Amino acid sequence: MAKIEIRPYKPEDVETIVAILNYYIVNSTALYDYTQRTFEQQLAIFEDKLSKGFPVIVATMEERIVGFGYYSEFRFREAYKYTVEHSVYVLPNEHGKGIGKVIMESLIGLAKKQKLHTMIAVIDSENQDSVAFHEKFGFKTVAVIKETGFKFDRWLHSQFMQLMLE
Ligand SMILES: CC(C)(COP(=O)(O)OP(=O)(O)OC[C@H]1O[C@@H](n2cnc3c(N)ncnc32)[C@H](O)[C@@H]1OP(=O)(O)O)[C@@H](O)C(=O)NCCC(=O)NCCS
């Protein structure tokens, strides 16, 4: 199997990334958006994260983007500054090949390098694939906040999973 490589995101990656995100917006509860994102919206989201010093990374196999991940502030008040919320997405037909693992390990490494204290994943509770994935890295479920989302005509619950970094 081709090697999985990690590199920082570049603006020319947005077209591929937004297609992956839009697939999950339309077909899953992994994102709580209803409406597909445009190239410009996603570019602005990433530029905002980068301008605050947060990483956006992509995983490639033979230079083809197969996944990506990022983190940024968990909440906006100053005292939250050592806490981040992250996301990881892998191309739908490339799950189970170790791509998510390389992205997650990279994000954890970057967060430690930035001297952050804890990482939070906010996962839709129907997405038990992501819950099992996070458990592999030591994330623990710390809360399930009921009926915080409404999509596909049903209430959704937000499962908060936390990893302490130090
Ligand atoms: C969740 C997701 C990122 C996992 O990525 P992936 O590339 O399929 O995961 P990997 O192949 O790297 O697996 C890493 C580890 O997690 C485990 N894992 C991954 N998916 C799993 C599942 N559904 N059930 C149990 N374990 C799972 C693997 O067994 C592996 O463990 P190992 O290292 O002991 O073998 C991917 O499925 C995805 O993109 N899902 C849709 C988007 C999404 O839900 N993102 C998360 C939003 S919070």
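1. Leaving aside residues up to four places away in sequence, Asn22 touches Gln36 and Arg37, where contact requires C-beta atoms, placed from the backbone, to lie within 7 Å. Asn22 itself belongs to helix H1, and helices here are DSSP runs of H or I with at least four residues, strands being runs of E with at least two, each numbered from the N terminus. With 17 other C-beta atoms within 10 Å, Asn22 is partly exposed; a residue is called buried at 20 or more such atoms within 10 Å, exposed at 12 or fewer, and partly exposed in between, again with C-beta atoms placed from the backbone. Asn22 and Asp33 are 11 residues apart in sequence, and their C-alpha atoms are 9.2 Å apart in space.

2. Two points on how to read these values. The model is predicted, so that local features need a pLDDT of at least 70 and side-chain atom pairs count only at pLDDT 80 or more, whereas totals for chains, interfaces and linings use all residues. Residues are numbered from 1 along each chain as its sequence is written.

3. The axes of H1 (residues 14–27) and H2 come within 9 Å and cross at roughly 105°, the axes being lines fitted to C-alpha atoms over the stretch in contact, with angles from 0 to 180 degrees between N-to-C directions. H1 and H2 are therefore roughly perpendicular to each other, a term for angles of 65 to 115 degrees, with under 35 counted as roughly parallel, over 145 as roughly antiparallel and the rest as oblique. H1 contributes Val14, Glu15, Ile17, Val18 and Leu21 to the contact, and H2 contributes Phe39, Gln42, Leu43 and Phe46.

4. Helix H2 (residues 39–51) has 13 residues and reaches 18 Å from its first C-alpha to its last, close to the expected 18 Å, which is 1.5 Å times one less than the number of residues. After H2 comes Gly53, with a positive phi near 90°.

5. Which residues come nearest to the ligand? Of the 21 residues around the ligand (C-beta atom, placed from the backbone, within 6 Å), these are His95, Gly100, Lys101, Asp129 and Ala132. Two or more residues of the shell come from each of strand S4 (83–90), helix H3 (99–113), strand S5 (118–124) and helix H4 (128–135).

6. Several residues deserve a look at their backbone angles. Most residues other than glycine have a negative phi. Glu62, though not a glycine, has a positive phi of about 50°; Glu62 is in the loop between strand S2 (56–61) and S3, and is exposed, with 8 other C-beta atoms within 10 Å. Phe152 has a positive phi near 50°, lies in the loop between strand S6 (140–151) and strand S7 (154–164), and counts as exposed with 11 C-beta neighbours inside 10 Å. Just after H3, Lys115 takes a positive phi of about 60°.

Notes: Two residues are in contact if their C-beta atoms, placed from the backbone, lie within 7 Å.
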